Every structure is written in C-alpha cells, then in structure tokens.
Amino acid sequence: MSVNVVLGSQWGDEGKGKLVDILAADIDVCARCAGGNNAGHTIVVPINGVKKSFAFHLLPSGLVNAKCTGLIGNGVVVHIPSFFAELDALEAEGLDCTNRLFISDRAQLVFDFHQIVDGLKEVELGGSSIGTTKKGIGPAYSGKASRSGLRVHHLFDHETFAAKFRTVVEGRFKRYGHFEYDTEGEIKRYKQLAERLRPYVVDSVEFVHKAINDGKKVLVEGANALMLDLDFGTYPFVTSSSTSIGGVCTGLGIPPKMIGKAIGVVKAYTTRVGAGPFPTEQLNEVGVHLQEVGHEYGTTTGRRRRCGWLDLVVLRHSQRINGYDSYNLTKLDVLDDLDEIKVGVSYYIDGKEIVGFPADLELVGRVEVKYVTLPGWKSSISDIRVYDDLPENCKKYIAFIEEQMNVPIEWIGVGPAREAMVKKEIK
C-alpha cells in the first residue's frame, strides 16, 4: 500500500512528464499535488500509429495511457477554463479521457483576475520581478493563505459563490486600482462552467485512499522542482507552493508512511527560467549549445531557458530534502557533441567552501564554483536502448554522478520520444 513519487530535483523542466508517461503504463492512478497550469510537460507518443506531441500543463500526464486515471489534488490551484481548454485539446488529438479524470472538491480556484493581478504585481516589483508565468498561481495561493480564496466546492452553491466572488474582486480593486474586469460576466460564466465541471469533482482524500486500500498503484507527478519550492528554493525567485516531497502529503492527504519510492528527475545539465541566481550558468557558446540542441524553450511560456553545467551542490540540497531512491537522468544526448563536460561539485566564498546551499541569495550570487572536467564521448547516443551500448565516457559521466550523490541512476533519457529511455539495472 505505497505511493511512488516523481519529483523535479533542480529548477524544473527536467523532463518529469516523460518518466511519468513510461511509469503510468503500469499504474492505475496518476495524481498531481501542487502547482497549477504554470507547469509544463511535453510528451511524444504514438496514437493509432502516428507520433503525436501532447503538451500537459494542469492535467496529470499519466493520462496518455488509456488505462490510467488522472487526479488533480487539493494542493493544486485550478483555472477551470484552462482545465477544459487543455482537456479539449488532448481529446481533439485523439486522447479519450472519458471517466478517467477527476478533480478535488478542495482545490483552490484561479480566476482571470488572479492572472491580471499577477502581471500587476510583477510591474509593481519592477527590477526585482520574480519572472512568473503570469498564470495567476501566486495570487491564488495568496488568497488561499489569507483564507479569502474560493474552492471547487464553492461553485455548486451559486448564490454563495457569487457573493464571495464579488467580495474578493472588490478587494483586488481596492489594492490595485479599478482594472478592467467584468465581474458579473464572470459570475454568469462560472455558473455554466460549474455544471460542466460537476462530473469531474470528487472528494480526493476518499478517492486516493480508496485506490490505495484497493491495492491500486498510485503515482504522484510533481510539478516544478525543489529549487522552486516556497521554503527550500531560491526564495523569493520560487513558485508559491510546496514542490518538495512534503507537498505530496499536504497536496493529496497522503501520510508519509504511505510514500514508497521517490524518484528524482535530473537534467544532465542545469536550466532555469526567470530571474534568480544560477551559479553554473554559462553565458557563452556552451550555454548557446545547450539552449539550441536541447530546445530549451518553456512549454508553458515559450521563454528561453538559461543553461549551464550540472550543479551537484543544488542536487545534494535537493537530495537531503526529498530523499530520492533513484534518479532519472534526462537529455543526456544534448551533451553528445561536446569535447569536454564540466560538473559543479562545490561552492566557495573567499576561498572557503560553503556547506549546503545558502539561504541568502546575496551569498549565492558571490560563490565561486569548483568544477570537475570530464571527457565528452563525441558520438550520438539517441538510438541506444541498452546501457552497456553507451560510449565509455558517457558511462563514466553517469558513474561520476552516482558516486558523488551515492544514489543510483535508474533511467537515462537519450531523446524526446517515449522509447528514447535506457533502463539501467540498480542493485
């Protein structure tokens, strides 16, 4: 009766969706526990013999497997129009989600005014802007924390919903000035959306515990990543939810003792989107290579991702908090053409090694990174499916990460397609 978890170990965009897609072939329920439609997973799969690319933002990406049920948990914030737009887009591409997608009645709602406020807050911050996706995620979580938010179950008592909605919008007008927004039009729209949403709504605590008690296999799909966690990430350049393993418990109502295997997804180099410190960032031809060869553009925003070498200080910090049992090393093929590959192994300030990852971003901005340089393999690995067939220098790179982290690498991504994953036996 355990629940397995897939979590991002860096700053997001590690390729979690692909592993979830592969694992979902053998699970019954794929659940989201945090974040909203600011997340983004792109999965390439064959539908009726034709390869298709599916972009997931809010919906659990395990839905690409026809026998898997998707659950959006109470810890997720949900923009209902985006929920249906994503669902309609998936079904238009041939993915039938009938009777296998559900949403928690306790999930907080994101409204269009949250998205407007998100942009206004960024303008207000000016040069200190965080670089949000402007999907309204932060303002929705702020409403949740201040106990003024609206939840899914509120939609089904229309008069109460309308009164609460007007109060919340008026509060935003007082805070930010009277921005253009049709409050009454939104109330009418949500009366219609509520009826369409009704068949999808469940008591998610009862739902997930029944699945566990019935012996079903449950997989939790993390959103964002540890370095974007509200507590443990590079605050304030973080998201507004708990992206750590703790968010699995609070975002689905699952006790810690029910969590089985935790899998950390690690990109073979490091990327991040938006502002904030990035010690191993490469503002040179290496960074350009990683961007272009790795197609490092956001699934949700289209923004170019900042790129740099793999940072083991970040990974150790992530490991301490999430306790990964194994890793999925992704996008290793992006390094194919490099003569040499560097790995950041420690931070120094004024010649003294820093223990852990500093909370103070001023310190993070000052660190000097100590690198270990490894030889490249200078050959394509994109068609390799067996670990022993990988080039020796490629296997040395994998072994170096395992030795440094004392955690086995169980899956190795060598391309974007579902089948481009090498399974490595671990002891």
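**A guided reading of the predicted model**

Phe232 has a relative accessible area of 37% and is therefore partly exposed, a class that lies between buried (under 20% relative accessible area) and exposed (over 50%), computed with a 1.4 Å probe on protein chains only. The model is predicted, so that local features need pLDDT of at least 70 and side-chain atom pairs count only at pLDDT 80 or more, while totals for chains, interfaces and linings use all residues. Residues are numbered from 1 along each chain as its sequence is written, and side-chain values use heavy atoms, with hydrogens and water left out.

Phe232 sits in the loop between strand S10 (218–221) and helix H8 (245–252); helices (H or I, at least four residues) and strands (E, at least two) are DSSP runs numbered from the N terminus. Not counting residues up to four places away in sequence, Phe232 touches Leu226, Ser244, His317 and Ile321, where contact means heavy atoms within 4.5 Å. Gly298 is 66 residues from Phe232 along the chain, and their C-alpha atoms are separated by 23 Å. The loop between S10 and H8 also holds Pro236, which is joined to Tyr235 by a cis peptide bond with omega of about 10°.

The overall layout comprises domain 1 (3–104 + 200–264), domain 2 (108–197) and domain 3 (266–423), with bounds that come from an automatic or database domain assignment. Taken over C-alpha atoms, the centres of domain 2 and domain 3 are separated by 37 Å.

Domain 1 and domain 3 each contribute at least three residues to the lining of the second largest pocket. A pocket is found on a 1 Å grid over the protein atoms alone, as an open set of points where a 1.4 Å probe fits, with protein on both sides within 12 Å along at least five of seven lines; lining residues have an atom within 4 Å of a point. The second largest pocket contains about 670 Å³ of space, a volume being the space filled by probe spheres set on grid points that are joined across faces, edges and corners. Of its 25 lining residues, the closest to the centre are Thr42, Gly294, His295, Lys331 and Pro416. The lining of this pocket consists of 6 nonpolar, 11 polar and 8 charged residues; Ala, Val, Leu, Ile, Met, Phe, Trp, Tyr, Cys and Pro count as nonpolar, Asp, Glu, Lys and Arg as charged, and the others, Gly among them, as polar. H1 and strand S3 (41–47) each supply at least two residues of the lining.

Helix H1 (residues 16–23) includes Asp21, which counts as buried because its relative accessible area is 1%. Beyond its neighbours within four places in sequence, Asp21 is in contact with Ile43, Val45, Val64, Asn65 and Arg418.

Aromatic pairs number 19, with rings of Phe, Tyr and Trp (its six-membered ring) paired if their centres lie within 6.5 Å; planes under 30 degrees apart count as stacked, over 60 as edge-to-face and the rest as tilted. Phe83 and Phe84 form an edge-to-face pair, at 5.0 Å centre to centre and 80° between the planes. Phe83 is buried because its relative accessibility is 0%, and Phe84 is buried at 3%.

Arg147, in the loop between helix H4 (137–145) and helix H5 (158–176), has a positive phi of about 65° and is exposed at 75% relative accessibility. Lys378 has a positive phi of about 50° and is partly exposed at 48% relative accessibility.
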